[in-house]
Amino acid sequence: MVNGRDCALGGKRWWWWGGEVGACNGVIVVSGDSGVIATVSGGGNDDIGVMEVNGSSLNEKKVTVVFVLGGPGSGKGTQCANIVEHFGYTHLSAGDLLRAEIKSGSENGTMIQNMIKEGKIVPSEVTIKLLQRAMQENANDKFLIDGFPRNEENRAAFESVTGIVPEFVLFFDCSEEEMEKRLLGRNQGREDDNIATIRKRFNVYMESSLPVIQYYDSKGKVRKIDAVKPVEEVFEAVKAVFIPSHEKSVSSTTVNMVKNKGYEGLSTAANNWDLK
Ligand SMILES: Nc1ncnc2c1ncn2[C@@H]1O[C@H](COP(=O)(O)OP(=O)(O)OP(=O)(O)O)[C@@H](O)[C@H]1O
Ligand SMILES: Nc1ccn([C@@H]2O[C@H](COP(=O)(O)O)[C@@H](O)[C@H]2O)c(=O)n1
């Protein structure tokens with residue numbers, strides 16, 4: 001599976017990978033299968049990830065993660081931009097991180113480029129490392145992870161390496177016909193937005209990604225959105241998922257007050273509020 005070692009410490013499980021243990025910044029780490037424990041202070045090497053397993057913690061930072069899934073072209077990136085603006089999340093697109101890795105001249109660049117051209121899924125180890133680094137480098141503690149996990153290997157490896165369980169999974173449900181039309185019209189110069197690669201991406205989505213969505217559905221974590229509708233209508237449905245339930249009930253109360261008692265000053269805002 002993933003390159004790393006784990007061990008019990010203080011009743012918790014810890015995982016580390018990459019670099020030298022002594023270079024890690026102020027975190028307790030474990031030096032391998034023998035269970036030798038080292039407490040490290042000072043130093044600093046961003047390539048090392050140390051996480052508490054079985055808790056949503058990343059380098060001692062508690063994080064909230066929402067996975068954003070759906071077929072290629074279902075509108076994940078478009079809606080993530082809206083969510084960032086309205087709800088203060090940081091958007092991490094696995095595909096964008098992989099494309100940036102190609103541009104950076106990384107040793108994995110050629111392999112990643114070939115996988116993307118073929119619509120295939122890059123090994124989890126590579127993608128998870130990019131996601132971890134992006135979360136560690138960002139001061140925010142709320143992340144939308146878009147286009148990940150793409151298969152069972154992605155899902156299981158992310159969970160065991162980071163210990164992060166998603167808050168929920170936002171699933172954009174869209175017909176293949178509509179997705180194909182959108183991808184062919186996207187016009188962002190992406191090497192994989194051609195009909196041959198699009199077909200391969202659809203096959204990978206059906207065979208490998210849908211089972212992941214089904215897995216989370218069985219855990220009651222999927223929030224399904226009808227993504228065939230226009231952008232604004234899709235976002236109305238997305239908002240209803242992100243607005244905490246207590247806020248919804250407060251606005252519901254407000255609407256009832258407006259309806260029952262005629263609070264005219266509040267009526268426009270309250271009536272425009274989309275209650276779901
Ligand atoms: N609801 C919508 N209606 C019509 N067009 C849309 C809608 N949402 C997004 N689009 C357009 O469809 C194209 C694909 O959208 P987007 O890049 O957000 O999809 P995606 O799911 O992130 O794709 P990928 O998985 O390939 O990265 C873009 O050109 C975008 O402007
Ligand atoms: N978890 C992932 C996500 C993406 N890829 C590769 O990137 C391509 C483009 O992804 P988008 O989300 O930007 O459409 C995708 O087809 C894969 O080749 C991946 O390997 N693993």
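Q: Which side chain makes a polar contact with the side chain of Asp192?
A: The side chain of Arg190 does, at 3.0 Å. A polar contact is a pair of N or O atoms within 3.5 Å; within protein, one must be able to donate a hydrogen and the other to accept it, and residues adjacent in sequence count only if both atoms are side-chain atoms.

Q: Before we go on, what kind of model is this?
A: This is a predicted model, in which local features need pLDDT of at least 70, side-chain atom pairs count only at pLDDT 80 or more, and totals for chains, interfaces and linings use all residues. Side-chain values use heavy atoms, with hydrogens and water left out; residues are numbered from 1 along each chain as its sequence is written, while chains are lettered from A and ligands numbered from 1 in the order in which they are written.

Q: Thanks! Back to Asp192: where is it found?
A: Look in the loop between H6 and helix H7 (195-218). Helices (H or I, at least four residues) and strands (E, at least two) are DSSP runs, numbered from the N terminus.

Q: Is Asp192 buried or exposed?
A: Asp192 counts as buried because its relative accessible area is 5%. Buried means under 20% relative accessible area, exposed means over 50%, and partly exposed is in between (1.4 Å probe, protein chains only).

Q: New topic: how many residues surround ligand 2?
A: There are 17, and the closest are Arg99, Lys120, Val122, Gly147 and Arg190. A residue counts as near a molecule or strand if one of its heavy atoms lies within 4 Å of it.

Q: Which atoms lie by the oxygen atoms of ligand 2?
A: A polar side-chain atom of Arg99 is 2.9 Å from an oxygen atom of ligand 2. For Lys120, a backbone N or O atom lies 2.6 Å from an oxygen atom of ligand 2.

Q: And what about a nitrogen atom of ligand 2?
A: One is 3.2 Å from an N or O atom in the side chain of Asn154. As for cover, the protein hides 96% of the 460 Å² of accessible area that ligand 2 has on its own. Accessible areas come from the Shrake-Rupley method with a 1.4 Å probe; for residues, only the protein chains shown count as cover.

Q: Which elements give two or more residues to the shell around ligand 2?
A: Those are helix H2 (94-103) and helix H3 (109-118). H2 gives the largest share, four residues.

Q: What classes of residue are in that shell?
A: The shell around ligand 2 has seven nonpolar, four polar and six charged residues. Here Ala, Val, Leu, Ile, Met, Phe, Trp, Tyr, Cys and Pro count as nonpolar, Asp, Glu, Lys and Arg as charged, and the others, Gly among them, as polar.

Q: You brought up Asn154. Where is it found?
A: Asn154 is in helix H5 (residues 152-162).

Q: Is Asn154 buried or exposed?
A: Buried, because its relative accessible area is 2%.

Q: OK, ligand 1 now. Which residues are closest to it?
A: The closest are Lys76, Thr78, Arg186, Arg201 and Lys229, out of 16 residues that surround ligand 1.

Q: Which polar atoms of the protein face ligand 1 atoms?
A: An N or O atom in the side chain of Arg201 is 2.8 Å from an oxygen atom of ligand 1. Gly73 has a polar backbone atom 3.1 Å from an oxygen atom of ligand 1, and Val231 has a polar backbone atom 3.3 Å from a nitrogen atom of the ligand. The protein covers 77% of the 630 Å² of accessible area that ligand 1 has on its own.

Q: Which element gives the largest share of the shell around ligand 1?
A: H1 does, with three residues. By class, the shell around ligand 1 has four nonpolar, six polar and six charged residues.

Q: Last topic, the backbone: which peptide bond is cis?
A: The one from Phe148 to Pro149, with omega near 0 degrees. Pro149 is in the loop between strand E10 (142-146) and H5.

Q: And what is phi of Asn187 near?
A: Near 60 degrees, a positive value in a residue other than glycine. Asn187 is in the loop between H6 and H7, and it counts as exposed because its relative accessible area is 74%.
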